[in-house]
Structure formats: structure tokens, C-alpha cells
Amino acid sequence: MTSSETGRLHAVDVQVGYDQRTIISDLDVTIPDGSFTVIIGPNACGKSTLLRALSRLLKPTKGTVLLDGRDVAEYQGKAFAREIGLLPQQSLAPEGITVVDLVSRGRFPYQTLFKQWTDADEEAVRGALEATRLVELAHRRVEALSGGQRQRVWIAMALAQETPILLLDEPTTYLDLAHQLEVLELCSRLNAQGRTLVAVLHDLNQAARYATHLIAMRAGSVIAEGSPAEVVTEENVERVFGVRSRVVDDPETGTPMVVPLAVGAVQDASLPGDTANLRAQAQA
């Protein structure tokens with residue numbers, strides 16, 4: 001299940017948790033260079049925890065996260081922030097800040113005592129506003145925007161950071177369907193331009209349509225990893241989500257599309273492990 005492709009970013013034998021509770025243990029993951037990797041799985045399976053470990057917001061209690069073969073903990077703050085950007089799941093903007101001022105904070109890793117705001121910074125902010133269709137809202141206060149608009153502002157700030165690797169924790173949160181697709185199309189374009197993206201998504205069909213690489217998790221472990229065609233199978237959907245389904249070709253893209261069964265689709269997803277084995281045990 002481990003990708004044979006090379007990547008700059010790796011988690012090696014990682015164990016991560018909160019307080020005394022372990023969420024992920026003995027996990028090995030490689031993010032393929034130039035991929036749009038999407039992490040999928042049920043709630044509380046460790047998707048966001050893995051992303052936080054990769055971004056070094058969470059320090060592993062065991063194992064190592066490596067960037068270019070070097071422990072991420074060894075990087076200076078601004079040096080790391082020029083390589084990996086993060087859009088967290090929830091963010092709070094300072095009271096009264098405007099859209100353009102918040103997006104401009106994405107350029108902080110490039111500021112030094114001797115190098116203040118430059119034309120390159122201005123261009124990066126303008127490009128991020130254009131990519132997220134926020135130019136007309138640039139001078140509005142962030143607190144006055146809708147939830148979907150605020151989410152686009154945070155995405156724009158991450159884009160302005162101009163990192164080769166971008167981590168996105170549920171980037172379509174608060175967005176209606178049209179804006180979800182707009183954000184995913186933007187991610188796809190960024191990936192086509194050479195940027196490596198890693199995102200946590202809940203919509204399995206959207207993940208299968210836009211990702212080039214999938215990581216399916218359950219109970220803190222990687223259950224399957226590879227291309228959407230390799231990962232999104234009827235067996236894996238039942239094993240990971242506890243849902244019986246048919247997997248068919250998306251008529252628009254040819255990528256896998258999950259159609260839950262009309263009757264009896266949902267198994268007991270609260271139980272750990274392989275659902276087929278669980279049913280066999282229950283019938284024994």
C-alpha cells in the first residue's frame with residue numbers, strides 16, 4: 001500500500017495523538033511529488049491529525065516527519081513556511097482586518113529586517129485574489145463576509161505564500177456545491193502547474209474525480225493508497241466507510257463514482273476493522 005513514487009514529504013513510523021490518546025500509530029506515508037493527494041476516511045479516523053503532523057503543528061511521540069530527508073522539527077520557522085503552506089480546518093481572523101491585509105500575511109515568510117514589501121509580494125497577493133475571485137472584495141472586512149467567502153480568503157492567503165507543497169484541511173468547508181467545485185478546480189490547476197497538494201476531503205466522489213493519488217484511512221491506519229481507480233473499489237468503500245455500494249465510471253470523467261445501495265447500504269461503521277469479517281463473526 002506504500003506508494004512507490006518518490007516524494008519530498010514523508011511520515012516514517014509515526015505515532016501521533018492528543019494528550020494521552022493515540023490517534024495514529026506506526027504509520028508510514030509518502031506524498032508523491034507533483035501529486036494532488038487526497039486523504040479520505042470516516043470521521044475521527046486520523047485524517048486531520050496526519051495533516052497536522054505533516055505540517056509540524058503536531059509533534060510525533062514516535063517516528064519522524066521528513067522534508068527532503070530532514071526532520072521537519074529542524075527547520076527554522078520561515079524556512080519551513082517557504083516550503084509548506086497550510087490551510088487549517090478552522091481559522092480566526094483578527095477583528096477589523098480587510099481581505100487584502102489578511103491575504104498579505106501569506107507573504108510573512110519572505111519578509112526580513114532588510115527585505116520588506118516588494119513587487120513580488122504585491123504580485124503574489126494580486127494573483128491569489130484573482131485565483132479565488134476576491135478582487136472585488138479586497139477592501140471589505142473579513143468579518144463582514146459570508147462563511148464561504150471567508151473560506152476563500154483563507155485559501156487566498158495560503159496561495160499567496162507560494163509554497164511548492166500546500167496542505168488543505170477540508171478546504172470545501174462552508175461552501176455550496178458551485179464553490180466546492182470552484183475550489184477543487186483551482187486545486188487541480190495549481191497541481192497542473194507543478195504544485196504538490198495534500199487535502200482532506202469528505203466527499204468521496206469529489207476526491208475520486210480530482211485527486212491523482214488517494215490515501216484511505218480508518219482508525220488511524222492507512223487501509224489503501226494509490227490512484228483513485230486502485231483505491232475506490234466496492235470492497236474498500238465497505239471496509240473503510242462501512243457502506244455497501246456499486247462503483248461505476250463517472251460519465252463525465254471516467255473516474256470511479258460511488259453509488260450506495262438503495263437498501264441496506266450502511267453497515268455498523270462504528271465498529272473497527274474489516275466489516276466483512278465483523279459480519280462473519282456476528283453470524284458465527
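A cavity is a set of grid points where a 1.4 Å probe fits but cannot get out, and its lining residues have an atom within 4 Å of a point. In this predicted model, helix α9 (residues 234-241) gives the most to the lining of the second largest cavity, namely 4 residues.

**Cavities**

Rolling a probe the size of a water molecule over the atoms shows where empty space is left. For this structure the count is 3 cavities of 30 Å³ or more. The table gives the volumes of two of them.

| Cavity | Volume |
|---|---|
| Largest cavity | about 70 Å³ |
| Second largest cavity | about 40 Å³ |

The largest cavity is lined by Ala 131, Thr 132, Arg 152, Ile 155, His 179, Glu 182, Val 183, Leu 186 and Arg 189. Two helices, α5 (147-160) and α6 (177-192), each supply at least two residues of this lining. Helix α6 accounts for the largest share, with 5 residues. By class, the lining of the largest cavity holds 4 nonpolar, 2 polar and 3 charged residues.

Around the second largest cavity stand Ile 40, Leu 204, Ala 216, Val 231, Val 232, Asn 236, Val 237, Val 240 and Phe 241. This lining has 8 nonpolar residues, 1 polar residue and no charged residues.

**Ala 216**

One of the residues lining the second largest cavity is Ala 216. Ala 216 belongs to strand β9 (residues 213-218). Is Ala 216 buried or exposed? Its relative accessible area is 3%, so Ala 216 is buried, the cut-off for that class being under 20%.

Leaving aside residues up to four places away in sequence, Ala 216 touches Ile 40, Ser 221, Val 222, Ile 223, Ala 224, Val 231 and Val 240. Glu 185 lies 31 residues from Ala 216 along the chain, and the C-alpha atoms of Ala 216 and Glu 185 are separated by 22 Å.

**Aromatic rings**

The structure holds 1 aromatic pair. Charged side chains also sit over rings. The charged end of Lys 78 is placed over the ring of Phe 108, at 4.3 Å from the ring centre. For Arg 107, the charged end sits over the ring of Tyr 110, and the distance to the ring centre is 4.1 Å.

Note on methods
Residues are numbered from 1 along each chain as its sequence is written. This is a predicted model: local features need pLDDT of at least 70, side-chain atom pairs count only at pLDDT 80 or more; totals for chains, interfaces and linings use all residues. Side-chain values use heavy atoms; hydrogens and water are left out. Rings of Phe, Tyr and Trp (its six-membered ring) pair if their centres lie within 6.5 Å; planes under 30 degrees apart count as stacked, over 60 as edge-to-face and the rest as tilted. A charge sits over a ring if NZ of Lys or CZ of Arg is within 6 Å of the ring centre and within 35 degrees of the ring normal. On a 1 Å grid over the protein atoms alone, a cavity is a set of points where a 1.4 Å probe fits but cannot get out, and a pocket is an open set with protein on both sides within 12 Å along at least five of seven lines; lining residues have an atom within 4 Å of a point. Grid points are joined across faces, edges and corners, and a volume is the space filled by probe spheres set on the points. Ala, Val, Leu, Ile, Met, Phe, Trp, Tyr, Cys and Pro count as nonpolar, Asp, Glu, Lys and Arg as charged, and the others, Gly among them, as polar. Buried means under 20% relative accessible area, exposed over 50%, partly exposed in between (1.4 Å probe, protein chains only). Contact means heavy atoms within 4.5 Å.
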